[in-house]
Amino acid sequence: QVQLVESGGRLVQAGDSLRLSCAASGRTLSRDNTGWFRQAPGKEREFVAAITWNSFNTDYGDSVKDRFTISRDNAKNLVYLQMNSLKPEDTATYYCATRGWGTSPMDFSYWGQGTQVTVSS
C-alpha cells in the first residue's frame with residue numbers, strides 16, 4: 001500500500017507560478033508512473049500531467065501544455081508539478097495519483113487527498 005501526500009497549494013494571483021509536490025510513504029514511487037489530476041467544484045476530475053517512472057515520457061492535458069511541467073526525483077521519492085502563468089481557471093484541488101498510466105482517473109490505482117490551488121484574477 002502506498003500513501004500519497006500533496007503539498008504546495010495556496011492562493012496566488014493570475015500570472016504567478018507555483019510548484020506542487022507529491023510525497024509517498026509505505027512504498028517507493030520510483031518504480032511507478034505518476035500523474036496529477038485536478039478537480040474544480042461541480043466539475044469532473046481532469047487529467048493534468050503524467051510522468052513515467054524513469055522520466056522518459058511525459059504527457060499533459062491540453063489546457064496546461066506549455067505552462068505546466070511534471071518532473072520527479074526518485075532519490076527523494078517525490079514528484080513535482082511546476083505551474084507557470086497560472087490562470088483563474090486553474091483553480092482546483094490538485095491530486096497526485098500513482099501506479100498506472102493514462103488520462104482517466106480510472107487509469108491510476110493510488111491517490112492522495114489533494115491540495116487546493118486558488119488563482120485570483
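**Close-up views of a predicted model**

**View A. Arg38 and Asp90 are both buried.** Buried here means under 20% relative accessible area, with exposed being over 50% and partly exposed in between (1.4 Å probe, protein chains only). This is a predicted model, where local features need pLDDT of at least 70, side-chain atom pairs count only at pLDDT 80 or more, and totals for chains, interfaces and linings use all residues. Residues are numbered from 1 along each chain as its sequence is written, and side-chain values use heavy atoms, with hydrogens and water left out.

**View B. Arg38 sits in a network of salt bridges with Glu46, Arg67 and Asp90.** A salt bridge is a side-chain nitrogen of Lys or Arg within 4 Å of a carboxyl oxygen of Asp or Glu, and that rule gives a count of 5. Between Arg38 and Asp90, the closest N and O atoms are 2.8 Å apart. Arg38 belongs to strand β4 (residues 34-39) and Asp90 to the loop between β8 (78-83) and β9 (92-100), so this pair ties together parts 52 residues apart in sequence. Strands (E, at least two residues) and helices (H or I, at least four) are DSSP runs, numbered from the N terminus. Arg38 also bridges to Glu46, again at 2.8 Å from N to O. What is the relative accessibility of Glu46? Glu46 comes out at 32%, so Glu46 counts as partly exposed, whereas Arg38 has 5%.

**View C. Asp62 and Lys65 make a salt bridge of their own, 3.3 Å from N to O.** Asp62 is exposed, at 67% relative accessible area, while Lys65 is partly exposed at 42%.

**View D. The largest nonpolar core counts 27 residues, and Trp36, Leu81, Met83 and Tyr94 have the most contacts inside it.** Elements giving two or more residues to this core are β3 (18-25), β5 (46-51), β7 (68-73), β8, β9 and β11 (115-120). Of these, β3 gives the most, with 4 residues. For the bookkeeping, a nonpolar core is a set of buried Ala, Val, Leu, Ile, Met, Phe, Trp, Tyr and Cys residues joined through side-chain atoms within 4.5 Å. Another core, of 5 residues, lies apart; Phe37, Ala50, Ala97 and Phe108 are among them.

**View E. Phe37, Phe47, Tyr95, Phe108 and Trp111 form one aromatic cluster.** Rings of Phe, Tyr and Trp (its six-membered ring) pair if their centres lie within 6.5 Å; planes under 30 degrees apart count as stacked, over 60 as edge-to-face and the rest as tilted. The structure holds 4 such pairs. Phe37 and Trp111 form a tilted one, 5.1 Å centre to centre with 55° between the planes. With Phe37 in strand β4 and Trp111 in strand β10 (residues 108-111), the pair ties together parts that are 74 residues apart in sequence. Phe37 is buried at 0% relative accessible area, but Trp111 is partly exposed at 23%. Trp111 also pairs edge-to-face with Tyr95, at 6.4 Å centre to centre and 75° between the planes. That pair links distant parts of the chain too, Tyr95 in strand β9 and Trp111 in strand β10, 16 residues apart. Tyr95, at 13% relative accessibility, counts as buried.
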